[in-house]
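Dear colleague,

Please find the structure below, together with its sequence. My notes on what was found in it follow directly after.

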Amino acid sequence: MTRLLDALRSDLHLTGIKEGCGEGECGACSILLDGRLVNSCLVPLIHADGAVIVTIEGVAQGERLHAVQEAFIARGGAQCGICTPGMVLAAVSLLEDNPHPSDADIRAGLAGNLCRCTGYMRIFEAVRRAGAA
């Protein structure tokens, strides 16, 4: 009954994923599992067998940051870093489905991710910027 979150962090040392609430409410542990945004704290490891998993460590292309990561830096969307990996993955997922989202789309796409530092405006600006790139 090992959680996917624990296996990724402890066994594979992918510590970009964070544990916030452990209940699937905050989004800090978000990953892409077979292209779907999921909270890894809610996924039993056995359910990920054979799946394609993307964590924050796999978003950049080598040394080249993803457009979402660049926008988060440019717009100040990343502060303490706890929510940032999940926010970035949620934004990547949103922009893959909708490359030019409206403000309402951005709010809906990031709805499962909580941030206590930025007040969300800088994050929304970063997603708009990445969508315009």
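Ser93 touches Leu32 and Leu37, leaving aside residues up to four places away in sequence; contact here means heavy atoms within 4.5 Å. Ser93 lies in helix α3 (residues 84-97). Because its relative accessibility is 11%, Ser93 counts as buried (under 20% relative accessible area, with exposed over 50% and partly exposed in between; 1.4 Å probe, protein chains only).

This is a predicted model, in which local features need pLDDT of at least 70 and side-chain atom pairs count only at pLDDT 80 or more, while totals for chains, interfaces and linings use all residues. Residues are numbered from 1 along each chain as its sequence is written, and side-chain values use heavy atoms, with hydrogens and water left out. Helices (H or I, at least four residues) and strands (E, at least two) are DSSP runs, numbered from the N terminus.

In helix α1 (residues 4-11), the buried residues are Leu4, Leu5, Ala7 and Leu8. Their cover includes β1 (30-33) and β3 (53-54). Just after α1, His13 has a positive phi of about 60°.

The axes of helix α2 (residues 67-75) and helix α5 (residues 121-132) come within 8 Å and cross at roughly 135° (lines fitted to C-alpha atoms over the stretch in contact, with angles from 0 to 180 degrees between N-to-C directions). α2 is therefore oblique to α5 (angles under 35 degrees count as roughly parallel, over 145 as roughly antiparallel, 65 to 115 as roughly perpendicular and the rest as oblique). Among the α2 residues that meet α5 are Val68 and Phe72.

Yours sincerely
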